Amino acid sequence: MSEIQLEDSWKQALADEFSSTYMQQLKSFLLERKANGATIFPAGSNFFRALDLTPLEDVKVVILGQDPYHGPGQAHGLSFSVRPGVRIPPSLLNIYKEIERDLGLPRPQHGFLENWAKQGVLLLNSVLTVEQGQAGAHQGKGWERFTDAVIEKINAQGNPTVFMLWGSYAQKKASFINQDRHLVLKAPHPSPLSAHRGFLGCGHFSKANAFLSAQGRDPIDWRLPEQVETS
């Protein structure tokens, strides 16, 4: 994947990953699936969109998802986010409900989260691709190792960062984070199946901003503009 265009700080930090055997094998797998007629989401230009929008030194908050949405027109490289005009998914709606409860902010009418990413919220999926209609189709092919490396780079850098780990999958994946330096916030997943078990009421958004402010970092403005433009 050496030809992939990527924001410079991440390109440098992850150079060893891109030159590794497992990433070359992952590239071959993706090319083979595409040659066999599979529809892969998101588009190739958006595989690393989360990293492009949030340089390593700018990361303030990490929100870890599992794999991209597998419906047409949904995934665009940011966990939990969908393109303008796409119906807000249920988990994201519960995230909005908690922000409204926690911070008193009105719920947006869209699910496009690039505004958060540009402020330093890394919206990272563990697996960066999927096939249409097949949730989890690209699990176990190498993406998890790559995104572990992303988390390790954030953990190792000096800037105090908030990790919002929702659900057991995210909590296991990021279990090695240095909690002396970073703030780890855990809650059930915002899915309708589990949100009522403690995600709703968790207060993660106000806690994140209080931590960032205490560390001398600008807090996140969790409001989203109603007029959105894709960049």
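## Reading the space, the rings and the backbone

Reply: The largest cavity has a volume of about 50 Å³, where a cavity is a set of points, on a 1 Å grid over the protein atoms alone, at which a 1.4 Å probe fits but cannot get out, and a volume is the space filled by probe spheres set on the points, which are joined across faces, edges and corners. This is a predicted model, in which local features need pLDDT of at least 70 and side-chain atom pairs count only at pLDDT 80 or more, while totals for chains, interfaces and linings use all residues. Residues are numbered from 1 along each chain as its sequence is written, and side-chain values use heavy atoms, with hydrogens and water left out.

Me: How many cavities of 30 Å³ or more does a search of the whole structure find, and which residues line the largest cavity?

Reply: Rolling a probe the size of a water molecule over the atoms shows where empty space is left. Here the search finds two cavities of 30 Å³ or more. The largest cavity is lined by F47, F48, R49, A50, L51, G77, L123, L124, N125 and L128 (lining residues have an atom within 4 Å of a point), and helix 4 and strand 3 are the elements that give two or more residues to this lining (helices, H or I with at least four residues, and strands, E with at least two, are DSSP runs numbered from the N terminus). By class, the lining has seven nonpolar, two polar and one charged residues (Ala, Val, Leu, Ile, Met, Phe, Trp, Tyr, Cys and Pro count as nonpolar, Asp, Glu, Lys and Arg as charged, and the others, Gly among them, as polar). The second largest cavity holds about 40 Å³ of space, and its lining has seven nonpolar, no polar and two charged residues, including W116, W222 and R223.

Me: What is the volume of the largest pocket, and which residues lie nearest its centre?

Reply: A pocket differs from a cavity in being an open set, with protein on both sides within 12 Å along at least five of seven lines. The largest pocket holds about 580 Å³ of space. Its lining counts 32 residues, of which D67, Y69, F80, S91 and H189 lie nearest the centre, and these 32 divide into 16 nonpolar, 15 polar and one charged. Helix 8 gives the most to this lining, with three residues.

Me: Which aromatic pair joins helix 2 to the loop between strand 1 and helix 4, and how is its geometry described?

Reply: A pair of aromatic rings is described by the distance of the centres and the angle of the planes. The search finds 11 aromatic pairs (rings of Phe, Tyr and Trp, the last by its six-membered ring, with centres within 6.5 Å; planes under 30 degrees apart are stacked, over 60 edge-to-face, and the rest tilted). F18 and F48 form an edge-to-face pair at 5.5 Å centre to centre, with 70° between the planes; F18 lies in helix 2 and F48 in the loop between strand 1 and helix 4, 30 residues apart. F18 and F48 are both buried (buried is under 20% relative accessible area, exposed over 50%, partly exposed in between, with a 1.4 Å probe and protein chains only).

Me: What else does W143 take part in, beginning with the side chain joined to T129?

Reply: The side chains of T129 and W143 are joined by a polar contact of 2.8 Å (a pair of N or O atoms within 3.5 Å; within protein, one must be able to donate a hydrogen and the other to accept it, and residues adjacent in sequence count only if both atoms are side-chain atoms). A polar contact of 2.7 Å joins the side chains of T129 and H138, and T129 is buried because its relative accessible area is 0%. In soluble globular proteins, nonpolar side chains tend to be buried together. W143 is among the residues that touch the most other members of the largest nonpolar core, which has 71 residues (buried Ala, Val, Leu, Ile, Met, Phe, Trp, Tyr and Cys joined through side-chain atoms within 4.5 Å).

Me: Which residue has a positive phi although it is not glycine, and which peptide bond is cis?

Reply: Most residues other than glycine have a negative phi, and most peptide bonds are trans. Phi of F80 is near 70°, and F80 lies in the loop between strand 2 and helix 5, where it counts as buried because its relative accessible area is 9%. The peptide bond from F41 to P42 is cis, with omega near -10°.
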